[in-house]
Amino acid sequence: VLGIINNRTKQFRIVGTLSRDGTTLKKFFEKFIFRGNTILTDHWQGYNWLDSRNSGYHHITFNHSLGNFGAGILSTSHIEAVWNIIKAKIKNIYYMIPKHNLFCFIREAEYKYTL
């Protein structure tokens, strides 16, 4: 599952995917984020392409393993909070979600979060 959130508007988008490599992430970002915007991420290697001058994005990273999530609007805390809510719901309500139902769960979570 890949997710993005606009830290200003709280607009949220998540998609199910079989991969989270750089190519998949690039397609995801290009579909939902206008070039020229700033993208805040952790240090996952799949984001390395963002550091290229040709990426079209400004990239700021935070080292989560060192407890660095940023602060305020320049942080990954918003998306991390969303992931925690989604994971808790899966564990507490559904216990697990079969792969063939993941898309429906993602759409439901996206809808409920944006209300």
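Helices (H or I, at least four residues) and strands (E, at least two) are DSSP runs, numbered from the N terminus. With that settled, I looked up the fold of this predicted model, where local features need pLDDT of at least 70, side-chain atom pairs count only at pLDDT 80 or more, and totals for chains, interfaces and linings use all residues. Residues are numbered from 1 along each chain as its sequence is written, and side-chain values use heavy atoms, with hydrogens and water left out.

**Overall layout**

I found three helices and six strands in the protein. Reading from the N terminus on, I get the order β-β-α-β-β-β-β-α-α. The radius of gyration (taken over C-alpha atoms) is 14 Å, close to the 13 Å that the globule rule gives for 115 residues, so the protein is as compact as a globular protein of that length. For the record, that rule is 2.2 Å times the number of residues to the power 0.38. I also noted the span of the C-alpha trace along its principal axes, about 45 × 30 × 30 Å.

**Surface, burial, charge**

Which share of the 115 residues is buried? I get 31%, with buried meaning under 20% relative accessible area, exposed over 50%, and partly exposed in between (1.4 Å probe, protein chains only). The accessible surface (Shrake-Rupley method, 1.4 Å probe) comes to about 7,900 Å², and 55% of it belongs to carbon and sulfur atoms.

I have 15 positive and 7 negative side chains, the centres of the two sets lying 3 Å apart. Lys and Arg count as positive, Asp and Glu as negative; His and the chain ends are not counted. Each charge is placed at NZ of Lys, CZ of Arg, CG of Asp or CD of Glu.

Next came contacts, meaning heavy atoms within 4.5 Å. Of those between residues at least 6 apart in sequence, 37% join residues at least 24 apart.

Strand β1 (residues 2–5) pairs with strand β2 (residues 12–15) in the antiparallel sense, over four bridges; pairing takes at least two bridges found by DSSP. I4 stands opposite R13 in β2, and I5 has F12 as its bridge partner there. Six residues separate the two strands of this hairpin, and K10 in the turn has a positive phi of about 70 degrees.

**G70**

Where does G70 sit? I place G70 in strand β5 (residues 70–71). G70 is partly exposed, at 33% relative accessible area. Leaving out residues up to four places away in sequence, G70 touches F62 and S75. I also checked G70 against E108, 38 residues apart along the chain: their C-alpha atoms are separated by 28 Å.
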